[in-house]
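User: I would like to go through this model term by term. Please set each value against its definition.

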Protein chains: 2
Amino acid sequence: MDPAHIQPFVDATVKVISTMAFTTPKLRNIGPWDKTLAAGQVVSIIGLSNENDNLQGFMTLGFTEPCICRIVSNMLGEEFPHICDEIREAVGELANMISGQARKRLSAQGIKLQAALPSIISGNDLIVDGSEKTPRIMITFDTEGGPFEIGLCINGLP
Amino acid sequence: MDPAHIQPFVDATVKVISTMAFTTPKLRNIGPWDKTLAAGQVVSIIGLSNENDNLQGFMTLGFTEPCICRIVSNMLGEEFPHICDEIREAVGELANMISGQARKRLSAQGIKLQAALPSIISGNDLIVDGSEKTPRIMITFDTEGGPFEIGLCINGLP
């Protein structure tokens, strides 16, 4: 994947998490997809497509329980020790905001992506994957509460 | 959700599973979303959207381990006792085929939905959810290997 197509997701993530959770995530790494890293214990997935069906994929936003509990406790001003409905809803909203800002930047580069609604999955021993035929990368960030990941699996980018 | 928009997913599921896995799933129920039912142990999620951004959502296809092992063993003519990469890939392909056939039928009704790529998530104690503000339904089917579910979470259908 062209770094010019990845950077909008990095910038959007830093901006959204900083604004919503008052903690600035630090980019640790942009590397290959790791299906056991993609999720942690809660992950939101947003499908991406375009009207000509030549761009298709999805974005994942995955957290471990300690990391997302810290972020959502900051967001909502209330302590959340465990993953619950409020946390799942917040993860979906964060994914939606990150995808929205990144798509806006990509649109300025002439790449128009439509977003589906975010789904949210929580559980144990999560493995998140897409087709091996599709370019996939994983962006890891560090926060006070621990690391989290953005995964991109997108076919057809120029 | 209008039954006319649900039926294409029911028909596509029966056709795809029957054709691919030589076992005819029987429709058990069309009912409210159940976030612990949506998945079982492996779930594929496909984002849905349209070019005007007035239709957005996703489809889930979720199985328990015994059910999907039976289906994929039938599909590939090889025994799969546990969820593995081959099974995850097959679940994504089944979701893609079901979504493709259902979207074709919906298109004939004037409803154009574009699909993202399928993501596949496996794990334990899975909970799959979408926004409570979005119409969500769950379609349950029975097979020899046990039940499985199609979940629909779609905003903006007429």
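User: In which sense do strand 5 of chain A and strand 5 of chain B pair, and over how many bridges?

Analyst: First, the ground rules. This is a predicted model, where local features need pLDDT of at least 70, side-chain atom pairs count only at pLDDT 80 or more, and totals for chains, interfaces and linings use all residues. Residues are numbered from 1 along each chain as its sequence is written, chains are lettered from A and ligands numbered from 1 in the order written, and side-chain values use heavy atoms, without hydrogens and water.

Now the strands. Strand 5 (residues 119-129) of chain A and strand 5 of chain B pair in the antiparallel sense, over seven bridges. Pairing requires that DSSP find at least two bridges between two strands. Strands themselves are DSSP runs (E, at least two residues), and helices are runs of H or I with at least four, numbered from the N terminus. Val128(A) stands opposite Ile121(B) in this strand of chain B.

User: What makes Lys35(B) and Asp85(A) a salt bridge?

Analyst: The rule asks for a side-chain nitrogen of Lys or Arg within 4 Å of a carboxyl oxygen of Asp or Glu. Here the N to O distance is 2.6 Å, so the pair meets the rule. The interface of chain B and chain A has two salt bridges.

User: Which parts of the chain does the salt bridge of Asp11(A) and Arg105(A) link?

Analyst: The closest N and O atoms of Asp11(A) and Arg105(A) are 2.9 Å apart. The pair links distant parts of the chain: Asp11(A) is in helix 1 (residues 3-21) of chain A, Arg105(A) in helix 3 (residues 85-108) of chain A, 94 residues apart. Over all chains, the count is twelve salt bridges.

User: How much area is buried between chain B and chain A?

Analyst: About 2,700 Å², with carbon and sulfur atoms giving 49%. Buried area is the accessible area (1.4 Å probe) that two parts lose on being put together, summed over both. In chain B, Gln114(B), Leu117(B) and Ile127(B) lose the most to chain A, together 21% of what that side buries.

User: Why can one say that the copies meet through the same surface?

Analyst: Contact means heavy atoms within 4.5 Å. By that test, 32 residues of chain B are in contact with 32 residues of chain A. Of the interface residues of chain B, 100% are also interface residues in chain A, so the copies meet through the same surface.

User: Why are the two copies said to be related as by a two-fold rotation axis?

Analyst: Copies are superposed by least squares on the C-alpha atoms of residues with pLDDT of at least 70 in both. Chain B can be laid on chain A with an RMSD of 0.0 Å by a turn of 180° and a shift of 0.0 Å along the axis. The copies are therefore related as by a two-fold rotation axis. In chain B, the C-alpha nearest the axis belongs to Gly47(B), 2.1 Å from it.
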